[in-house]
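Biologist: Could you walk me through this one? I would like to ask a few questions as we go.

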Amino acid sequence: MAANQRPTEIKALAGARALPPLLLVLYHFGEGHHYQNLRVYDLFIAKSYLWVEFFFALSGFILAYVYHERGNFWQWKTYTTFLKTRLARLYPLHLFMLLFILYLLVTLRFFAHEGAYRSIYDQAYHPALGFWPFIANLFLVQAWNLFDRLTWNGVAWFVSVEFFLCLIFPVYAWFGRGGWWRGAALTAAGGAGLTALALTNTHGLDITFHNGILRGMSDFAIGVGLSNIFRHIRARGGEPAPEWFHSLLQAIAICVLLIGVYKFGWAHQWRDIYMVPGLMLLIFVLAFDRGFLASALDTPLLQKLGTWSYAIYLGQTAWLQLIRYFEQRWLPTDNTMVWGMRWADWMWWGEPAALVIICALWGGLLANFIEEPASKTLRRWMFATRKPAAA
C-alpha cells in the first residue's frame, strides 16, 4: 500500500460508533435526574460512562490502522500535517458548541432576570463557567488537570484529552509499528494503567477533568496495541476465517461485556473495570468486518448514526441543560394530572426517550451543517498551497 493511500474503511467499526453516544446521553440524564427502578436497564445505563473507554481505544485503533504506512511521525512535516488534519476534525464543532453554551448562558440568564427567578446556571449543579475555563476550552487544555470540575460544555473534556493524545501520537506510532509483541505489550500496559486508575479512584473509571489524560492514554494504548496485532494477523494472508468463526467471537465478546455489566454490582466502583475487556474485545473482533454483528452494524441507519456520533456526543450538553430549563419554566409539575395520570408518571420514560431522539436529530444537524462543512473549510485553509509572489 502506498504511503499516501488510505486503507479500506472498516464498516463494522464505523457502525459500532452509532449507539454509544446515545447510551451516554441516557447515562448523563440518569445521573442528573433519575434511573428507572428496572435493574436490567439501570445497571446497563449506569455503567454506560465506560463507553468512553471504547471511544478512546477505537480512536487509537483507527489512527494506528490509518497512519501505519503514512510517513515518519518524527519528521516535522508529517507530524504537523497529522495535527492539522486532526484539529480540522475535532475543533470546529467543539468551538461551535462552546459558543452555543455561552449563548445559552447569556440568554437564559436574561430570561431569569426579566422573569425574576433564578437561572439554572446560578443553581447548585452546573459546570465551571468562568473566564479562564473558557480560555482553556478555546485552547483544548481544559481537561489537563487545571480545574476542579467540568467546564462549559462538560463532555468536551473528551476532546481535550483526544487532542493531547494526538500531540503524543508519535510515541504510540513508534511502538505500534514493531512486531506483534509490541502490540501485546501496549495492550497489557494500557490494561494495567486502567486497572491502577480504577483501584485508586473512588468513582471507578469515571475520571474526566482530573487525570482524564491518564485514562485516555491507557485506553489509547490498548487501541494501538490491538491495531498492531490485527495488522499482523491480516499480514499472514491465506484464506479468511469462516463467517461462523467471526460470529462466534462476536457472541463471546458480547457475553464478556454483559457479564462485566451485570455480575459485579452497581456502577462507580473499581469493579467497573470488568466491563472493559468486553469493550476492547468487541473492537478487535469487529475489525475483521465479518460475522453476524458486523453485518448488523453495516446498515444505513447505524452507519449514518456512526457518522453523526461525534456531533451527538458533543451536542448533548445543550439539551441536558435545556431540559432543566424546560422543567423549571414550561413543563407541568410532577403532581399535575394529565389525562388521568400524574405528569411525572407520563414523563418517567417519556423524558429520556424524547431526549435521545432530540439529541440524535440535533447531532445530525450539527454534523451536516457545522461539523462537516467547517472541517472541510478548515482543511482547505490549512493545506492551501501558497502561490509564489509576482516578480
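Biologist: Happy to have you here! Which residues in α12 do Leu 249, Gln 250, Ile 252, Ala 253, Ile 254, Val 256 and Leu 257 in α11 meet?

Modeller: Keep in mind that this is a predicted model. Contact here means heavy atoms within 4.5 Å. On that basis, the α12 partners of those α11 residues are Pro 277, Gly 278, Leu 279, Leu 281, Leu 282, Val 285 and Leu 286.

Biologist: Are α11 and α12 roughly parallel or antiparallel to each other?

Modeller: The axes of α11 (residues 243-262) and α12 lie 8 Å apart, and the packing angle is about 165°. Angles over 145 degrees count as roughly antiparallel. The two helices are therefore roughly antiparallel.

Biologist: Nice. Is Phe 288 buried or exposed?

Modeller: Phe 288 sits in the loop between α12 (276-286) and α13 (292-297). Setting aside residues up to four places away in sequence, Phe 288 touches Phe 230, Ile 233, Arg 234 and His 246. The cut-off for buried is under 20% relative accessible area. With a value of 19%, Phe 288 is therefore buried.

Biologist: And where is the kink in helix α14 centred?

Modeller: Of the 30 residues of α14, 21 are buried, so this helix is largely enclosed by the rest of the structure. Helix α14 spans residues 300-329, and its kink of about 55° is centred on Trp 308.

Biologist: Last one: which residues have the most contacts inside the largest nonpolar core?

Modeller: Nonpolar side chains tend to be buried together in soluble globular proteins. In this model, the largest such core has 120 residues. Those with the most contacts inside it are Phe 169, Leu 205, Leu 286 and Leu 314.

Key: Residues numbered from 1 in each chain as written. Predicted model: local features only at pLDDT ≥ 70, side-chain atom pairs only at ≥ 80, totals over all residues. Heavy atoms only, no water. Helix = DSSP H or I, 4+ residues; strand = E, 2+ residues; numbered from the N terminus. Buried < 20%, exposed > 50% of the residue type's maximum accessible area, 1.4 Å probe, protein only. Bend = angle between axes of the 7 residues up to and from the residue. Core = buried A, V, L, I, M, F, W, Y, C linked by side-chain atoms within 4.5 Å. Axes fitted to C-alpha atoms, helices over the stretch in contact; angles between N-to-C directions. Parallel < 35°, antiparallel > 145°, perpendicular 65-115°, else oblique.
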